[in-house]
Amino acid sequence: MESLHGVSYFFGGIFLINSVPHLVSGLMGRPFQSPFAKPPGEGLSSSTVNVLWGFFNLAIAYLLICRTGDFDLRATAHIVTAGSGMLLAGVIMARRFGRFNGGNSPGDA
């Protein structure tokens with residue numbers, strides 16, 4: 001795996017994991033934080049905005065993972081690289097959005 005392909009897979013994993021909460025919230029008809037809210041990343045955006053933003057993230061993930069290099073689901077290095085991006089971004093997002101949704105201290109809810 002070329003190093004630039006690895007960088008692409010890593011960032012593809014970040015975009016892939018970021019698409020999940022936006023798509024799920026949007027499809028459930030629930031508002032969720034997005035870069036388009038006021039203030040950005042803290043206020044709530046409509047479910048429609050979240051579906052659009054989630055789909056955009058999914059499309060970018062596709063381009064970075066599937067259209068760069070020769071990504072192979074059976075190649076451990078490829079999966080570990082994309083998965084590392086997903087895990088890192090997932091933990092960061094859990095901590096950040098947990099502040100707003102009660103996930104950082106569930107016993108206090």
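Analyst: Contact here means heavy atoms within 4.5 Å of each other. The model is predicted.

User: What do the buried residues of α3 pack against?

Analyst: Buried means under 20% relative accessible area. In α3, the buried residues include His78, Ala82, Met93 and Phe97. The buried residues of this helix pack against α1 (3-27) and β1.

User: Is serine 84 buried, partly exposed or exposed?

Analyst: Serine 84 sits in helix α3. Buried needs a value under 20%, and exposed needs one over 50%. Serine 84 has a relative accessibility of 32%, so serine 84 is partly exposed.

User: Which residue forms a salt bridge with glutamate 42?

Analyst: Side chains of opposite charge can pair when their charged atoms come close. A search of the whole structure finds one salt bridge. Its closest N and O atoms are 3.9 Å apart, and the partner of glutamate 42 is arginine 99.

User: How many residues apart in sequence are the parts that this pair ties together?

Analyst: Glutamate 42 lies in the loop between β1 (32-33) and β2 (44-45). Arginine 99 belongs to helix α3 (residues 76-101). The pair therefore ties together parts whose separation in sequence is 57 residues.

User: Which residue just after α3 takes a positive phi?

Analyst: Helix α3 covers residues 76-101. Just after this helix, a positive phi of about 80° is taken by glycine 102.

How values were computed. Residues are numbered from 1 along each chain as its sequence is written. This is a predicted model: local features need pLDDT of at least 70, side-chain atom pairs count only at pLDDT 80 or more; totals for chains, interfaces and linings use all residues. Side-chain values use heavy atoms; hydrogens and water are left out. A salt bridge is a side-chain nitrogen of Lys or Arg within 4 Å of a carboxyl oxygen of Asp or Glu. Helices (H or I, at least four residues) and strands (E, at least two) are DSSP runs, numbered from the N terminus. Buried means under 20% relative accessible area, exposed over 50%, partly exposed in between (1.4 Å probe, protein chains only).
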